[in-house]
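Below is a short briefing on salt bridges and a surface patch. Please look at the structure first.

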Amino acid sequence: DSISTGQKVISAIEGRNAAEQKKIGSLYDLAKDSKGRSALLDGKAFAKQTQQVLKEELRDEFLPASVKKRIDDIANGTEVLTVDKAEKMKTIIGTLQRNSQDGNTRYALGIVREALDNTPLVSSRGENAIKAFGEARAANRNWMRAVEETPALKAVRDGVDPDKFVQTYIVGTGNSASVGNVTKLQELIKDVPEAMTAVKNNIAQTLKAAALGGKADEVGKVSGSNYNKMLSSIGDAKLKLFFTKDEINALKALGRVASYEQFQPAGSAVNNSRTAAAIMANVLDSIAGNIIASKLSLGIIPAAGKLISDPLRNSAASIEAGRMLKIPVSPTKVEKEPMFLLPAVLAPYLQANQ
């Protein structure tokens, strides 16, 4: 269901986020343990450059007082600027920028940050430490960019309820569930089989609910238009992220079969039992890998390159496959012992439940 699927996907994303945070932390630990952290930077050059650019850009008055005081102390020589201290200042500046709503303040802080990046060492002793901090900061910056560009990832980091997760970030039609954003989400969970299977199953259940109007497999009546509308709404691009080519072909075949079932001409030999709903549910469950949930067990007999489902003769589910396969057959023709064919593409998903 939606809640369990959401929980599994959220858990997979949390795992990926934790792994990235651990990697970033390791890089920072490496930088902190490197020699040269205490190496001196040219503090006076930094202060002079910063103050000059702030005045030229008319942003000096927007600089937070705490940062301005530190720059003044460095300029006066009452505080020395080391590699370690510069890195801590960069962290503080980054936090202030993210928390500030004022564009001028963010711009002023950016000037200070750029000056810190360009401040030269007094000697070459701290070069390795600067490089190590740079790598750690780059890794953190890249991951933070991924967070901002992936709505599902950002939502998980901010805290999100699992019940609406799949609808909002996978099968929905909003920007958070756009093909590009779902592709980014799939990249996060593709190595977690349980999460991938859960999404696949939930999509199949979403299609089933659309087709049967949310009713149980045994009593629902198939709506081909609702099924096909939902299938189209999800779209091929998203389906390809979670289903194989053969599975997508089977999903589309079900849509064509369902359309024929729904719009059968008056007087058709096909009856109106609810076996069609059971078969559709069976195939969708099988495609999703949810064999246990399937309600129907079918015996499939190969014949002449097609498949004949003997237990389904004369039922609404044993759809006239000739129509579906674009073979001209009169749907109103009544034979003494009518035999209807299911499309071959659905065979593996029916055979799986024998």
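Is Asp117 buried, partly exposed or exposed? Asp117 is partly exposed, because its relative accessibility is 42%, where buried means under 20% relative accessible area, exposed over 50%, and partly exposed in between (1.4 Å probe, protein chains only). This is a predicted model, in which local features need pLDDT of at least 70, side-chain atom pairs count only at pLDDT 80 or more, and totals for chains, interfaces and linings use all residues. Residues are numbered from 1 along each chain as its sequence is written, and side-chain values use heavy atoms, with hydrogens and water left out.

**Salt bridges**
- The count is 15 salt bridges, each a side-chain nitrogen of Lys or Arg within 4 Å of a carboxyl oxygen of Asp or Glu.
- Asp117 pairs with Arg113 in a salt bridge, with the closest N and O atoms 3.2 Å apart.
- Shared partners join Glu87, Lys90, Arg113, Asp117 and Arg137 into one network of salt bridges.
- Lys69 and Asp73 form a salt bridge with a closest N and O separation of 3.0 Å; Lys69 is exposed at 51%, whereas Asp73 is buried at 18%.
- A further salt bridge links Arg70 and Glu79 (3.0 Å, N to O); Glu79 is buried at 15% and Arg70 partly exposed at 33%.

**Surface patch**
- Leu40, Val80 and Val122 make a nonpolar surface patch of about 270 Å²; patch residues have over 30% relative accessible area and no salt bridge, with like charges joined within 9 Å and nonpolar side chains (Val, Leu, Ile, Met, Phe, Trp, Tyr) within 5 Å.
- Accessible areas come from the Shrake-Rupley method with a 1.4 Å probe, and for residues only the protein chains shown count as cover.
- Val80 is partly exposed at 49% relative accessibility.
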